[in-house]
Structures are given as structure tokens and as C-alpha cells.
Amino acid sequence: MNTDITASAKPEYPVVDRNPPFTKTVANFNTLDYLRLVTIAGVSVTVGYLSGIKPNIRGPSMVTGGLIGVMGGFMYAYQNSAGRLMGFFPNDGEVARLRK
């Protein structure tokens with residue numbers, strides 16, 4: 001099974017890097033990516049705290065929710081960053097940096 005997204009879809013925007021490595025993708029995070037990561041983590045911590053019905057499990061429930069939120073937020077930011085580098089999402093900033 002071919003899982004390469006580039007095999008099934010053509011980029012709509014200029015391609016900066018067809019197959020960006022992890023470090024380049026993380027370095028490409030912008031302010032909105034970090035804002036999304038923090039927002040998702042914050043909401044998850046709150047939901048985790050509120051879902052701990054008994055007061056003695058609110059702490060562990062909050063930590064678990066926070067870990068899930070941080071991982072989910074990071075994956076969402078990573079997906080957006082990689083999509084911009086590969087030309088699947090609007091990438092004016094990345095193209096401008098490339099042309100300097």
C-alpha cells in the first residue's frame with residue numbers, strides 16, 4: 001500500500017521541500033502553529049480536570065488530558081507545517097524565505 005500523499009494529490013502551491021525532514025518541519029512552525037498547540041493543550045487540561053469526577057483523581061486526569069492535548073496539538077501543528085513545505089497549504093511565508 002502506498003502511503004505517500006504526493007502520489008495521490010498534486011500540490012496547489014509552490015513546493016519548498018517535497019519530503020521535509022522532522023527537524024525542518026518543526027523549525028518551520030509559525031506563531032499560529034504554536035498558538036494552536038497551546039490552545040489544544042489548554043483545552044485538554046481543562047477537560048481532563050473537569051472529567052475527574054472524584055476530587056482525588058482530578059490531578060491524574062488533568063495530567064493525562066494535558067499529555068493527550070500536547071501530543072494532539074503538536075501533531076496538528078506538524079501536519080500544517082509539513083503541508084506548507086510540501087505545497088498543499090498556502091505557503092507565502094515559506095516561499096518568501098526561500099527566495100531571499
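Predicted model: local features only at pLDDT ≥ 70, side-chain atom pairs only at ≥ 80, totals over all residues.
Glu94 counts as buried, at 7% relative accessibility, where buried means under 20% relative accessible area, exposed over 50% and partly exposed in between, with a 1.4 Å probe and protein chains only. Residues are numbered from 1 along each chain as its sequence is written, and side-chain values use heavy atoms, with hydrogens and water left out.

The overall fold comes before the details. The protein has five helices and zero strands, taken as DSSP runs numbered from the N terminus (H or I, at least four residues, for helices; E, at least two, for strands). Along the sequence the pattern reads α-α-α-α-α. The C-alpha atoms fill a box of roughly 55 × 35 × 20 Å along the principal axes. The radius of gyration is 17 Å, whereas a compact globule of 100 residues would have one near 13 Å; the value is taken over C-alpha atoms, and the globule rule is 2.2 Å times the number of residues to the power 0.38. Of the 100 residues, 31% are buried. The exposed surface comes to about 6900 Å², with carbon and sulfur atoms supplying 66%; accessible areas come from the Shrake-Rupley method with a 1.4 Å probe, and for residues only the protein chains shown count as cover. Among contacts (heavy atoms within 4.5 Å) with a separation of 6 or more, 74% involve residues 24 or more positions apart.

Side chains of opposite charge can pair when their charged atoms come close. A salt bridge is counted here when a side-chain nitrogen of Lys or Arg lies within 4 Å of a carboxyl oxygen of Asp or Glu, and by this rule there are five. One of them joins the side chains of Glu94 and Arg84, with an N to O distance of 2.7 Å. Glu94 belongs to helix α5 (residues 92-99) and Arg84 to helix α4 (residues 58-86), so the pair ties together parts that are ten residues apart in sequence. Both Glu94 and Arg84 are buried. Glu94 also forms a salt bridge with Arg97, the closest N and O atoms being 3.8 Å apart. Arg97 and Glu94 share helix α5, where three residues, about one turn of the helix, separate them. In contrast to buried Glu94, Arg97 is exposed, with 52% relative accessibility.

A further salt bridge links the side chains of Asp33 and Arg36, at 4.0 Å from N to O. The two residues lie three positions apart in helix α3 (residues 31-51), about one turn of the helix. Asp33 is buried at a relative accessible area of 1%, while Arg36 is partly exposed at 26%. Asp33, Arg36, Arg84, Glu94 and Arg97 are linked in a network of salt bridges.

The loop between α1 (5-8) and α2 (22-27) holds Val16 and also Asp17. Apart from neighbours within four places in sequence, Val16 is in contact with Leu85, Asn91, Glu94, Val95 and Leu98. Asp17 is buried at 17% relative accessibility. An unreviewed UniProt entry places "domain: NADH-ubiquinone oxidoreductase 21kDa subunit N-terminal" at residues 11-89. This span, residues 11-89, is 71% helix and 0% strand, and its end C-alpha atoms are 8 Å apart. The UniProt annotation "transmembrane region", also from an unreviewed entry, covers residues 34-53 and 59-78. Residues 34-53 are 90% helix and 0% strand, with end C-alpha atoms 31 Å apart. For residues 59-78 the corresponding values are 100% helix, 0% strand and 28 Å.

Finally, Tyr49, Leu50 and Met62 make a nonpolar surface patch of about 290 Å². Patches consist of residues with over 30% relative accessible area and no salt bridge, like charges being joined within 9 Å and nonpolar side chains (Val, Leu, Ile, Met, Phe, Trp, Tyr) within 5 Å. Tyr49 is located in helix α3 and is partly exposed, at 37% relative accessibility.

Note on methods
UniProt positions renumbered as here; feature names shortened; annotations may be inferred.
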